2 protein chains.
Amino acid sequence: MLDVYAVIMAGGAGTRFWPASRAARPKQLLPLTSGGQESLLAATVRRLEPLVPADRVVIVTGEHLAEATARAVPQVAPERILREPAPRNTAPCIAWANATIAELDPEAVVMVLPSDHFIGDEAAFQRVLAAAIASAERGPVTTVGIVPTRAEIGYGYIEVGAPLAGGGDARQVVRFVEKPDRARAETFLAAGPSKYLWNAGMFFFRVSAMTDLVRRHLPNVAGGVERIVAAARAPTAADVVREIFPTLESVSIDVGVMEKAEGLAVVPGDFGWNDVGSWESAWELAPRDTRGNAAGELDLVIDGERNFVRSLAGAPKTIAVVGASDLVVVETDDAILVIPRERAQDVRLVVDALKASGRKNLL
Amino acid sequence: MLDVYAVIMAGGAGTRFWPASRAARPKQLLPLTSGGQESLLAATVRRLEPLVPADRVVIVTGEHLAEATARAVPQVAPERILREPAPRNTAPCIAWANATIAELDPEAVVMVLPSDHFIGDEAAFQRVLAAAIASAERGPVTTVGIVPTRAEIGYGYIEVGAPLAGGGDARQVVRFVEKPDRARAETFLAAGPSKYLWNAGMFFFRVSAMTDLVRRHLPNVAGGVERIVAAARAPTAADVVREIFPTLESVSIDVGVMEKAEGLAVVPGDFGWNDVGSWESAWELAPRDTRGNAAGELDLVIDGERNFVRSLAGAPKTIAVVGASDLVVVETDDAILVIPRERAQDVRLVVDALKASGRKNLL
C-alpha cells in the first residue's frame, strides 16, 4: 500500500461568521462546532490521524494566516504549511501542494480536503476516505460525494454513473454540475440517494495523475509550481513564491481540471457532513436544550426558543435573551452581533458596511 | 422670600434597567437619557440650580449607595447626604430630611423631588417649581401634577378642584387616586387636561407644616426622626440612625400623610416629564434616526427599525443588529441584554433568575 498524504486547504477568508471570523482569524481557525476550543482546522487534522499521520499533512493557507495556522495545528511542521502570497483559487493551491509532495514521495496518494467542514460520524468518514484512497491507488482521480439530505441550491453536484469494475464503493462520475436552481435541485433529490451527490471539495489521486492533469489542462500553473518547488530549498524560496504564485491562473480545481478530466470516480459518503456555512449551521450543529436554544452555560434565555447565544470573547459576558426567538446573538472581544437565524447569511452586510466606513480593526 | 431647600429622594434600587442598573448602581446613578455621561441624579441637581443652590440640597439614599451618590453630585456636601440603613418608603425619608432642614432653617420652604425622572422642557419645569414654591410659602402643602398624555395605568392620579383664591396657578386637591384600571384611566383622560393629573411624587411645603403633619399622622416616625436629628452632631450619630431608622413605620408619604391631610394644593405641570420606567422609556427619550433607531455612534443597525442599541461598558464593543426591529440591545461591562422593546418590563425576569441561581455579582 502506498503512503497517503493529506493536503488541507486552509485559505478561506470567510466573512459569514463575523464578528468571530476576521481577515486574520477566518472560519477554519474558530472553534465553531466543538462547543469547546478545538478549531475546525484542528478537528480536520485530528480526524485524519488513523489514516494520515501529522508528518504527512500539508496545509495551504494565506501568508498572513501562516502563524495563526501553525499555532492551531502544532503537530504539523511549519515547513509543511505552504503560504500563498495571494489567493488564486483551488487549482494553483492543489497543484503546488501536489508538486511539493511529488518531491517527497513520487509514488504517494494524495487526498485534498477543506479545512472548515464538520463531520458528525467520524468513523463512517474514515471508512469513506479509505475507500476513496483505495480507488485513487487503483488509478482514477476520485472524489467523495455527499448523499444529499435536502434540495440545496448552494452546492455543486456530481452526477453519478455506473459502478466501476473492481472499484469497490467507487462509481463513475458522469459530470460535475454547477449550483442548480430550486427546480433542478428538487429533481436531483427526487432522483434518489445515489444519482446526484453534493460536491464537498474532497479529491483523491496519485501524485503523478494530478501532475499529468495539471500539465495538460493548466500548463501555466504546472510550470509555475514546478519553478516554485525547484527553488523550495533555496534561500530565496519565499521570494520565488511571491514572484510566481500571484501570476498563476486563478481557477478552481473543479473548473480547471476535474470538469475536463476523464475516467473520474466518486465514492458516495454519508457521515453527517456539514459545511458550517453560517451561524445558522453553528446552531444546527450545537447541543440544544428542549426549547431549541443553544446557549452558553452562563447565559440566560427566558421565554424564547431556538436561539443561538454564544460568547467567543476572552472574558465572556453573561448574555440574557428575553422574549425573543430564532435569534443569533454572538459576542467577541470587540463586537456583538444580533441577527435572526434565518438571515444569518446577511452578516456579510455588516462586513460590507465596515469596509465602506474603513473600520479595518473590525474586519 | 423664604429660603428654599430641595430634598432629593435617591434610594431607588430599580431593577428595570438591568444590566445597567444593579443593587450598587441603581437607575438614578445611570446616564440613561443624556446620551452622554450625566446621571439622572446629576441632571436633577443641575436643573434646580436656578432655584436652589447645591448648598441647600439634601439627598436621601441608601447607606450602601452613599459613596457612589457623593461621587455623582460632588457639589453636594457629604453631610447633606442622608444614609438610610434600611429602606422605609418615602414618609420616614421625607420626615428625616424635613427635621434635618428644620435644624438649619426653621422658616425654610422644602421641595421634595424624585432623583430619577427626565424633564424635557427645563425652563417650563423651573416656572412650575417657582409657582409651587410660592404656593407652599403661602401655607398649603403643594404638589405638582403632570398633565396626562395617555390613559396610563401605572401611575397614581390627583383629582383637581377649584382654583385657590390668591393661589396663582395652584388649585385645590380633591383627593389622591391610586393607580386606576384601564377603564378609569380612560375616563380620567377624557375628563380633560386639568381634572386628573399624574402624581409624580413632587411635594412643596414649609418645614413647620410637614413637621406638624408627621407629628399628627405618623407620631412614631416623628418621634424617631427627632431623636435621630438630636443626635446628628454626636459621635454616635450613625449608630443612632442604624438603631432607630429601621424601626420607623414603612409607609409612603402619599398614604401616610397626603391622603389624610386637608387643604392641599396642586400646580399642573406640562414640561416633557418622563419617569424613565424602562428601557422602552430610554428609547422614547433618546435621539433617533429616520428609521427610529437609537444606536451608539459606532454601532450598526442594518435593515431594522425602532431599535434601542446602547453600550454602557467601559470599553464599548461595536453592536451590529441586522434584520431585526423593535429590540433593546444593551451592553455593560459584564452582561448583554436582548429583549423586545414592548417586553422591556420583563427585564425583572432576568433579575429573578439571577437571584434564584445565586449569581450575586450580576445583581
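Biologist: Where does A:Pro19 lie?

Modeller: A:Pro19 sits in the loop between β1 (4-10) and α1 (40-48) of chain A, where helices (H or I, at least four residues) and strands (E, at least two) are DSSP runs numbered from the N terminus. This is a predicted model, in which local features need pLDDT of at least 70 and side-chain atom pairs count only at pLDDT 80 or more, while totals for chains, interfaces and linings use all residues. Residues are numbered from 1 along each chain as its sequence is written, chains are lettered from A and ligands numbered from 1 in the order in which they are written, and side-chain values use heavy atoms, leaving out hydrogens and water.

Biologist: Is the peptide bond from A:Trp18 to A:Pro19 cis or trans?

Modeller: Most residues other than glycine have a negative phi, and most peptide bonds are trans. The bond from A:Trp18 to A:Pro19 is cis, with omega near 10°, and a cis bond also joins B:Trp18 and B:Pro19, with omega about 5°. B:Pro19 is placed in the loop between β1 (4-10) and α1 (40-48) of chain B. As for phi, B:Asp303 is not a glycine, yet its phi is positive at about 55°; B:Asp303 lies in the loop between β13 and β14 (308-311) of chain B.

Biologist: What area is buried between chain A and chain B?

Modeller: The size of an interface is often given as the accessible area lost when the parts come together. Here the buried area (accessible area, 1.4 Å probe, that two parts lose on being put together, summed over both) is about 2600 Å², of which carbon and sulfur atoms give 63%. In chain A, the residues that lose the most area to chain B are A:Lys317, A:Val322 and A:Ile336, together 26% of what that side buries. The contact (heavy atoms within 4.5 Å) takes 34 residues from chain A and 34 residues from chain B.

Biologist: How many salt bridges does the rule find across the interface of chain A and chain B?

Modeller: It finds four, a salt bridge being a side-chain nitrogen of Lys or Arg within 4 Å of a carboxyl oxygen of Asp or Glu. The side chains of A:Lys317 and B:Glu331 meet in a salt bridge at 2.6 Å, N to O.

Biologist: Which element gives the most residues to the side of chain A that touches chain B?

Modeller: That element is β17(A), with six residues.

Biologist: Which strands make up the sheet that begins with β13(A)?

Modeller: Strands of a sheet pair through backbone hydrogen bonds, either parallel or antiparallel. In this structure, an open sheet of six strands, with mixed pairing, has the order β13(A)-β15(A)-β17(B)-β16(B)-β14(B)-β12(B). At its edges stand β13 of chain A and β12 (294-295) of chain B, each with a single partner strand, so one side of each is left without a neighbour in the sheet. Within this sheet, β15(A) and β17 (residues 335-340) of chain B pair in the parallel sense over four bridges, pairing being counted if DSSP finds at least two bridges between two strands. Along that pair, A:Thr318 stands opposite B:Ala335, and A:Ile319 stands opposite B:Ile336.

Biologist: Which strands does helix α11 of chain B lie across?

Modeller: Helix α11 (residues 347-356) of chain B lies across β13 and β15 of chain A together with β17 of chain B, and runs at about 130° to β13(A). Axes are lines fitted to C-alpha atoms, for helices over the stretch in contact, and angles run from 0 to 180 degrees between N-to-C directions.
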